[in-house]
Amino acid sequence: MFYKSNFAGISVPRPVVWIWKIKCVKKIKVFMWLLIWDRLNTRDMIDRRHCAPVDAILTCGLCAGSRETLYHLFFDCPFSKQCWQHLGIRWNTSLNICQMMVLARVLFRPKGFMEIFSFACWHIWKQRNAHVFQDVRPYFNRWLVSFKSEILLHICRACLVQLQLLNLALGVGS
């Protein structure tokens, strides 16, 4: 009661609510929460926190063409643009990230937008990190294979849960 009365007038952006309803592992939900609030440790974020060395490289870990901001890394980078184009998701980068997500969700017809968006971002981030920390060059085909594997794993988890519920309802295995 006390909690609700203190926060009654606060409205949360819809994408923030959508994050916690995604059917995926918690680490991806937390990752998406950090992404929406611009708290991922991009090179720009590390610099804004005054944690980057004086001679730090601040360009994108995927294309090395622009400063690695959240918007550039996930929406303006040529690598990311190729990923979104493949998925048929278009972004209006003149909006803030929550507005971008609301509009993209409306324009994206298939169900499961948040899962697809989340898995795509997760694997863009993993490609970036592999390049930054392991010197593994990012390739679209590698991203696509890992993205598809994540989707299949997601489907298998969902089927397993449904099978367990069905077995429980039928009394199988008890």
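Colleague: At what angle do helix α7 and α8 pack, and how far apart are their axes?

Modeller: In this predicted model, helix α7, which covers residues 97-107, packs with α8 at an angle of about 125 degrees, and their axes are 10 Å apart. The two helices, α7 and α8, are therefore oblique to each other, and their crossing is right-handed.

Colleague: Which residues in α7 and α8 meet there?

Modeller: From α7 there are Met-101, Ala-104 and Arg-105, and these meet Phe-113, Met-114 and Phe-117 in α8. Sorted by class, the contact of α7 with α8 has five nonpolar residues and one charged residue, with no polar ones.

Colleague: Let's step back for a moment. How many helices and strands does the protein chain have?

Modeller: The secondary structure of the protein chain comes to nine helices and zero strands, and the C-alpha atoms fill a box of roughly 65 × 45 × 30 Å when taken along the principal axes.

Colleague: Back to α8, then. How are α6 and α8 set against each other, in angle and in axis distance?

Modeller: Helix α6, residues 78-87, packs with α8 at an angle of about 150 degrees, with their axes 11 Å apart. An angle over 145 degrees counts as roughly antiparallel, and α6 and α8 are therefore described in that way. In passing α8, helix α6 makes a right-handed crossing.

Colleague: And which side chains are involved, or rather, which residues in α6 meet which in α8?

Modeller: On the α6 side they are Phe-79, Ser-80, Cys-83, Trp-84 and Leu-87, while α8 brings Ile-116, Phe-117, Ala-120, Cys-121, Ile-124 and Gln-127. The contact of α6 with α8 has nine nonpolar and two polar residues by class, and no charged ones.

Colleague: What about α3 and α8, at what angle do they pack?

Modeller: Helix α3 (residues 26-36) and helix α8 (residues 113-134) pack at an angle of about 85 degrees, with their axes 10 Å apart. Since 65 to 115 degrees is the range for roughly perpendicular, α3 and α8 are therefore placed in that group.

Colleague: Which residues meet in that one?

Modeller: In α3, Lys-27, Ile-28, Phe-31, Met-32 and Leu-35 take part, and they meet Phe-117, Ser-118, Phe-119, Cys-121, Trp-122 and Trp-125 in α8. By class, the contact of α3 with α8 has nine nonpolar residues, one polar and one charged. Phe-117 is listed in the contact with α3, in the contact with α6 and in the contact with α7.

Colleague: Changing topic, how much space lies in the largest pocket, and which residues line it?

Modeller: About 160 Å³ of space lies in the largest pocket, and its lining consists of Trp-18, Lys-21, Ile-22, Lys-23, Arg-105, Gly-112, Phe-113, Met-114 and Glu-115. These lining residues divide into four nonpolar, one polar and four charged.

Colleague: Which element gives the most to that lining?

Modeller: That is α8, which gives three residues to the lining of the largest pocket.

Terms used: Residues numbered from 1 in each chain as written. Predicted model: local features only at pLDDT ≥ 70, side-chain atom pairs only at ≥ 80, totals over all residues. Heavy atoms only, no water. Axes fitted to C-alpha atoms, helices over the stretch in contact; angles between N-to-C directions. Helix = DSSP H or I, 4+ residues; strand = E, 2+ residues; numbered from the N terminus. Parallel < 35°, antiparallel > 145°, perpendicular 65-115°, else oblique. Contact = heavy atoms within 4.5 Å. Nonpolar A, V, L, I, M, F, W, Y, C, P; charged D, E, K, R; others polar. 1 Å grid on protein atoms, 1.4 Å probe; cavity = no way out; pocket = protein on both sides within 12 Å on 5 of 7 lines; lining within 4 Å. Points joined across faces, edges and corners; volume = space filled by probe spheres on them. Left-handed = near helix turned anticlockwise from the far one by under 90°.
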